[in-house]
Amino acid sequence: MRIAVTGSIATDHLMTFPGRFADQLVADQLHTVSLSFLVDNLDVRRGGVGANIAFGMGQLGTGPILVGAAGSDFDEYRAWLDRHGVDTHSVRISETLHTARFVCTTDADHNQIGSFYTGAMSEARLIELKTVADRVGGLDLVLIGADDPEGMTRHTEECRARNIPFAADFSQQIARMDGDEIRRLLDGATYLFSNEYEKGLIESKTGWTDAEILGRVGHRVTTLGARGVRIERVGEEPIEVGCPEEEAKVDPTGVGDAFRAGFLSGLVWGVSLERAAQVGCMLATLVIETLGTQEYALRRAPFMDRFRKAYGDAAAEQVESYLG
């Protein structure tokens, strides 16, 4: 099974200011703010939802095809992804723009000042999925993750036109979308991914009930935070899967991406939806225990020991046969 993962490719530049922003602001001069903060450190992390999901699938050995746009500064990031089992040959490289970048400074009170540069991400709308499909011998599923909004629309429309099954995963972009955009992007999706809050937002913005949305997609996959995940299908009992026990809660950033990576890998293996969700929850647990979205290491023996403890011997034996 060949899965293409479309979505943002970005780097996060995170800095820490040891003081308080509030102490530097003059109440009657806020209309002419001009400040510079001397920061203590700089932490550069690889990110972007498309790259995060593809990285997780690569860790599980399922050969994801990353589809997105980056800048000429992508070489080091590309080498990292290639080394971790991601097919990056369908990443478009902009001739004029840098890779998308989030720059954020956090103060001692955990207040943040951040900027997001979309950069090359805006060129995702220029990518033709047929070119990707022709290169790899066809696509069985396209995950349409948070990306350039016009790119997300184009990929969705092309999947419909070419009868390629697709998964809708709005993630961060749902906040800027209106009801019409969301309706166009989810209608006919084989899978609709969201967390609980996004689920309610989708229903509110579209004006469709939960039942109406479920009738328009093949599967509705809703992550429930520490309670795991629920998978719903018309006419079927929901499938609910809990999370393995955490060893630590370090950073929740990228946990949803890791779940998707594990779940999609289960689809590649051809295991049941319940088993795929269990793999997703196990991978998500590794990420929440790690600082950074792609800094975890998947070691086969510890992964399987924890998976067996959480889900039992029968589940572990089935998954272990696929995990190289």
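**Figure 1. Helix H9 in the predicted model.** Helix H9 covers residues 273–288, and at 1.5 Å a residue its 16 residues should span 22 Å; the end C-alpha atoms are 22 Å apart, so the two values agree. The expected span is 1.5 Å times one less than the number of residues in the helix. Helices (H or I, at least four residues) and strands (E, at least two) are DSSP runs numbered from the N terminus. This is a predicted model, in which local features need pLDDT of at least 70 and side-chain atom pairs count only at pLDDT 80 or more, while totals for chains, interfaces and linings use all residues. Residues are numbered from 1 along each chain as its sequence is written, and side-chain values use heavy atoms, with hydrogens and water left out. H9 is mostly covered, with 15 of its 16 residues buried; buried means under 20% relative accessible area, exposed over 50%, and partly exposed in between (1.4 Å probe, protein chains only).

**Figure 2. Ala276 within H9.** Ala276 is found in helix H9. Its relative accessible area is 0%, so Ala276 counts as buried. Between Ala276 and Asp140 there are 136 residues of separation in sequence and 17 Å in space, C-alpha to C-alpha.

**Figure 3. The open sheet of 9 strands.** The strand order is S5-S4-S1-S8-S9-S10-S11-S12-S13, and the pairing is mixed. Strands S5 (91–93) and S13 (239–241) stand at the edges with a single partner strand each, so one side of each has no neighbour in the sheet. From one strand to the next, the twist averages 20 degrees. Axes are lines fitted to C-alpha atoms, for helices over the stretch in contact, and angles run from 0 to 180 degrees between N-to-C directions. Two strands pair if DSSP finds at least two bridges between them. Strand S10 (residues 191–195) runs parallel to strand S11 (residues 219–223), and 5 bridges join them. Asn195 has Thr223 in S11 as its bridge partner.

**Figure 4. The open sheet of 4 strands.** This sheet has the order S3-S2-S6-S7 and mixed pairing. At its edges are S3 and strand S7 (112–117), each of which pairs on one side only. Neighbouring strands are turned by 15 degrees against each other on average, direction ignored.

**Figure 5. Strand S2 and its two partners.** Strand S2 (residues 10–16) is largely enclosed by the rest of the structure, because 5 of its 7 residues are buried. S2 and strand S3 (residues 41–47) run antiparallel and are joined by 7 bridges. Thr11 stands opposite Arg46 in S3. S2 and strand S6 (residues 100–106) run parallel, also joined by 7 bridges. Facing S6, Asp12 stands opposite Phe102, and Leu14 stands opposite Cys104.

Figure 6. The structure holds 1 cavity of 30 Å³ or more, and the largest cavity has a volume of about 30 Å³. A cavity is a set of points, on a 1 Å grid over the protein atoms alone, where a 1.4 Å probe fits but cannot get out; lining residues have an atom within 4 Å of a point. Grid points are joined across faces, edges and corners, and the volume is the space filled by probe spheres set on the points. The lining consists of Ile144, Met152, Thr156, Ala168, Asp169, Phe170 and Leu185. By class, 5 of these residues are nonpolar, 1 is polar and 1 is charged. Ala, Val, Leu, Ile, Met, Phe, Trp, Tyr, Cys and Pro count as nonpolar, Asp, Glu, Lys and Arg as charged, and the others, Gly among them, as polar.

How values were computed
1 Å grid on protein atoms, 1.4 Å probe; cavity = no way out; pocket = protein on both sides within 12 Å on 5 of 7 lines; lining within 4 Å.
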